[in-house]
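Morning, everyone. Please take a look at the next slide, and then I'll walk you through a few residues.

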Amino acid sequence: MTFQARLEIALQLLEATGMWRSNYAPPVYRLLWRSRIPIPPPPFAGFAVNFLFQGTWFGTFWGALMWFLFWRHQSMPVTAAILAAGFGGAVFGGVIAAYWAYKARKLRLPAWSDLKPPSSVFD
């Protein structure tokens, strides 16, 4: 099954849970999907993927923002800024990955690899 077909099934399943679309298909994910980057929706991505993806983007953007707004004016060494941004990204990524792992268990969602199209049975 193609990624796009599996994604459509996952999005329909998540919509049926009553969760807000902005939670299970955030704008950055929709942009990645339009760019043909195959990343599963957060509830289906798994802990490691969510940890790496969420932690990386948060650490990068938060670190850059902090550098330009505060840290460079405080004469913070670049290595300390990189370590702080990495630590912030790791904490954020861990919290978000734990949230999505909890949410997937609570909603009893199948694994990404187990998503299959509904079978059509003709009577």
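In which helix is tryptophan 100 found? Tryptophan 100 sits in helix 6. Helices here are DSSP runs of H or I, at least four residues, numbered from the N terminus.

Quick housekeeping. This is a predicted model: local features need pLDDT of at least 70, side-chain atom pairs count only at pLDDT 80 or more, and totals for chains, interfaces and linings use all residues. Residues are numbered from 1 along each chain as its sequence is written, and side-chain values use heavy atoms, with hydrogens and water left out.

Back to tryptophan 100. Its relative accessible area is 7%, so tryptophan 100 is buried. Buried means under 20% relative accessible area, with a 1.4 Å probe and protein chains only. What does tryptophan 100 touch, not counting residues up to four places away in sequence? Met19, Asn23, Tyr24, Pro42, Pro43 and Asn50. Contact means heavy atoms within 4.5 Å. Take proline 42: 58 residues apart from tryptophan 100 along the chain, yet their C-alpha atoms are separated by 6.5 Å.

Now glutamine 54. Glutamine 54 belongs to helix 5, residues 47–69. Buried or exposed? Glutamine 54 is buried, because its relative accessibility is 8%. Its side chain makes a polar contact with the side chain of tyrosine 29, at 3.1 Å. A polar contact is a pair of N or O atoms within 3.5 Å; within protein, one must be able to donate a hydrogen and the other to accept it, and residues adjacent in sequence count only if both atoms are side-chain atoms. Beyond its neighbours within four places in sequence, glutamine 54 contacts Tyr29, Phe92, Gly93 and Ile96.

Conventions: Helix = DSSP H or I, 4+ residues; strand = E, 2+ residues; numbered from the N terminus. Buried < 20%, exposed > 50% of the residue type's maximum accessible area, 1.4 Å probe, protein only.
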